[in-house]
Amino acid sequence: ELIKTKTTVENLVYECTETAEHVPRLITSIRESQQSKTASEKFRAQSRLIRDAHQILDPATRLVEVARTSVAHVSEPHIASNLQHTSNGLSTNLAELRTALNAAQQLNFSQQLVHSEELIRELDQELIEVQKAAQLKQLSPARGVTSQSATSHLMSSARQVGSSIAQLVSAATSQDEHHIGASAVEAAQSLRAFTSGVTEVVSTRTDVQLDSFIVSSRSVVHDSGRVFDRVREHAPPPVLADAAKQVSTSLRQVIACLPDNQAIEKAIAQIRTIGVSATVREPDVRVAASRLVDATSQLLIAVRSPNPQEA
């Protein structure tokens with residue numbers, strides 16, 4: 001055996017598997033971004049690419065850390081060197097991807113409100129499809145998702161929706177265009193996470209009344225869409241506040257559908273200061289993500305089927 005420590009092998013294999021699961025979605029998002037033509041298609045593709053790129057950052061970062069600590073346990077010098085080299089390459093590409101993501105998000109700010117109606121339609125349709133699949137017994141949970149983790153994900157994403165919507169209303173009241181854009185992007189991403197959480201709950205729990213749960217979840221999406229509309233229309237603060245309150249009401253209705261959760265905590269808005277950079281353009285995310293995919297693949301190959309002659 002090249003690595004005699006069982007724990008090291010298990011950790012390395014686990015992190016490789018976790019990272020590898022995100023790669024296909026990221027590749028698909030890169031291709032969709034490249035193939036999009038209209039402004040609407042480009043925005044949706046870019047938003048999905050940003051989301052999928054964000055999701056691979058944490059597991060890929062953990063993979064780098066585990067790979068680096070595993071080098072000392074590899075008995076063959078050539079293979080140890082190859083593992084060190086590929087992990088360093090992945091680390092470099094992760095740093096490039098983070099930089100590109102930060103810039104892409106900032107360039108995306110002004111477009112989120114413009115395309116918010118399309119986002120709402122997309123998420124609403126996704127929930128409808130989830131309901132249909134569940135009714136036909138065709139919805140299976142994703143690997144590693146349990147009823148407990150699904151419920152936890154839904155609760156945290158619901159809180160984030162409430163928090164981000166409150167932040168968006170606060171930004172609109174202050175009339176800070178950059179803050180509004182940043183808050184709109186965060187609200188959009190939290191709604192995507194919420195929709196994902198709903199899907200996980202439906203796929204893992206049988207004690208939830210499906211129709212009521214989906215109806216309430218769709219209300220969250222639609223009510224959030226109305227907040228986007230009011231912000232875009234420059235509605236006065238009282239109107240914005242009323243729209244945000246309706247989102248909170250719908251969120252409570254969603255959580256009330258879970259037998260073991262009858263209330264939702266109040267969301268706390270966290271205002272983030274984000275610097276603007278106009279130097280990085282949309283393709284940079286695709287390039288950085290593509291490089292990350294290549295680097296990840298190289299590291300996975302080095303871990304799973306190392307060849308001393310390639311070192």
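Leaving aside residues within four places in sequence, F213 is in contact (heavy atoms within 4.5 Å) with L154, V198, V201, V202, V208, V254, C257 and L258. The model is predicted, so local features are reported only at a pLDDT of at least 70 and side-chain atom pairs only at pLDDT 80 or more, whereas totals for chains, interfaces and linings use all residues. Residues are numbered from 1 along each chain as its sequence is written, and side-chain values use heavy atoms, with hydrogens and water left out.

**Overall architecture**

- The protein chain contains nine helices and zero strands; helices (H or I, at least four residues) and strands (E, at least two) are DSSP runs, numbered from the N terminus.
- Along the sequence, the protein chain follows the pattern α-α-α-α-α-α-α-α-α.
- Of the 311 residues in the protein chain, 48% are buried; with a 1.4 Å probe and protein chains only, buried means under 20% relative accessible area, exposed over 50%, and partly exposed in between.
- Among contacts in the protein chain with a separation of 6 or more, 83% are between residues 24 or more positions apart.
- The accessible surface of the protein chain is about 15,500 Å², and carbon and sulfur atoms contribute 50% of this area. Accessible areas come from the Shrake-Rupley method with a 1.4 Å probe, and for residues only the protein chains shown count as cover.

**Nonpolar cores**

- A nonpolar core is a set of buried Ala, Val, Leu, Ile, Met, Phe, Trp, Tyr and Cys residues joined through side-chain atoms within 4.5 Å.
- The largest such core has 46 residues, of which F194 and F213 touch the most other members.
- At least two residues of this core come from each of α4, α5, α6, α7 and α8.
- With ten residues, α5 gives the most to this core.
- Apart from it lies another core, of 26 residues, which includes I3, A53, I56 and L83.

**Helix α1**

- Helix α1 has 30 residues and reaches 44 Å from its first C-alpha to its last, close to the expected 44 Å at 1.5 Å a residue; the expected span of a helix is 1.5 Å times one less than its number of residues.
- At V23, α1 bends by about 25°, and a proline, P24, follows within four residues. The bend at a residue is the angle between axes fitted to the seven residues ending there and the seven starting there.
- The buried residues of α1 include T8, L12, E15, C16, T19, V23, L26 and I30.
- An α-helix has 3.6 residues a turn, so residues three or four places apart point the same way.
- S29 is found in α1 (residues 6-35) and counts as buried because its relative accessible area is 2%.
- Leaving aside neighbours within four places in sequence, S29 is in contact with R48, L49 and D52.
- The side chains of S29 and D52 are joined by a polar contact of 2.3 Å. A polar contact is a pair of N or O atoms within 3.5 Å; within protein, one must be able to donate a hydrogen and the other to accept it, and residues adjacent in sequence count only if both atoms are side-chain atoms.

- E118 lies in helix α4 and is buried because its relative accessible area is 19%.
- Not counting residues up to four places away in sequence, E118 touches S40 and R44.
- S183 lies in helix α6 (residues 177-204) and is buried because its relative accessible area is 0%.
- Leaving aside neighbours within four places in sequence, S183 is in contact with S164, Q167, L168 and A171.
- The side chain of S183 makes a polar contact with the side chain of Q167 at 3.4 Å.
- S183 and Q112 are 71 residues apart in sequence, and their C-alpha atoms are 9.5 Å apart in space.

**Helix α7 and its ends**

- Helix α7 has 23 residues and reaches 33 Å from first to last C-alpha, close to the 33 Å expected at 1.5 Å a residue.
- Q209 caps the N-terminal end of α7, with a side-chain oxygen 3.3 Å from the backbone nitrogen of D211.
- Just after α7, H234 takes a positive phi of about 60°.

**Positive phi in loops**

- Most residues other than glycine have a negative phi.
- H234 is not a glycine; it is found in the loop between α7 (210-232) and α8 (237-256).
- H234 is exposed because its relative accessible area is 64%.
- K137, also not a glycine, has a positive phi near 60° and lies in the loop between α4 (116-135) and α5 (147-174).
- K137 counts as exposed because its relative accessibility is 75%.
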